[in-house]
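Hello,

Here is the structure for your files. My notes on what was found follow below it.

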Amino acid sequence: MIQVENFRKQYDRVVAADDITFSLPKGTVGALVGPNGAGKTTTMRALCGIIKPTAGKLIVAGFDVLREPLQVKHRIAYVPDDPPLFETLTIWEHFKFIAAAYRVANFEAQADKLLEQFDLLSKRNALAGELSRGMRQKVAIACAYLHCPEVLLFDEPLTGLDPAAIRSLKNSLSSRAAEGATVMVSSHLLALVEDICQHLIILRQGKCLFSGSLVEARESYAAGGSLEDVFFRATEQAP
């Protein structure tokens, strides 16, 4: 469902992504992990078509991101680490906007379920500008779910969420994958990765150090160890 082949992104003399290759199958929750500056956000933004690769091929849901950007955008949802909302629109008006943009007919019932799932019913008519950081994050996640995308990309999705919202998000990500969606999560919180992810992609300084199952990662780097052990041994061994 996601294929990244020899992806390179260079800004002047700075190489943010250097020949990254990995794939993520349908119905999988995958984790994109690495130290700050590893290229995680760059890779996600390229998969969404927000930035253009310097070289390489990016395929999402069977479509080339460069050649068929509208087909890709129709099938994905991307929630950045600080999701921008329309400050003067209410939560419900955000749903209406997303429904119109993605041509979701009769969206109201689904929107009501999402409001309940993320404990936003009481804030239905609140302006985005009046919301806390955590509530803004929940609105962005709920809007991402509204058009039932085939691919979901989350960059540090737990930022600002309380424990109840974290549990709801984790359950929803697993449920979406079980229904056939492909989910990629970028996070520094290895406990989240260990709880819900089946596939691990480790980046460091723009290079892909590992791509495979969590079982394979442990076999390669830390037999019997924790995911934290895997992460540090992989990144510390890298040149």
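The model has an open sheet of four strands in the order β2-β1-β4-β5, with antiparallel pairing; strands pair if DSSP finds at least two bridges between them. Helices (H or I, at least four residues) and strands (E, at least two) are DSSP runs, numbered from the N terminus. This is a predicted model, in which local features need pLDDT of at least 70 and side-chain atom pairs count only at pLDDT 80 or more, while totals for chains, interfaces and linings use all residues. Residues are numbered from 1 along each chain as its sequence is written, and side-chain values use heavy atoms, with hydrogens and water left out.

The edge strands, β2 (14–24) and β5 (63–64), each pair on one side only. Strand β1 (residues 2–11) runs antiparallel to β2 and is joined to it by seven bridges; I2 has L24 in β2 as its bridge partner.

Not counting residues up to four places away in sequence, Y145 touches Q110, L114, F118, L152, F154, L169, S172, L173 and R176, where contact means heavy atoms within 4.5 Å.

Regards
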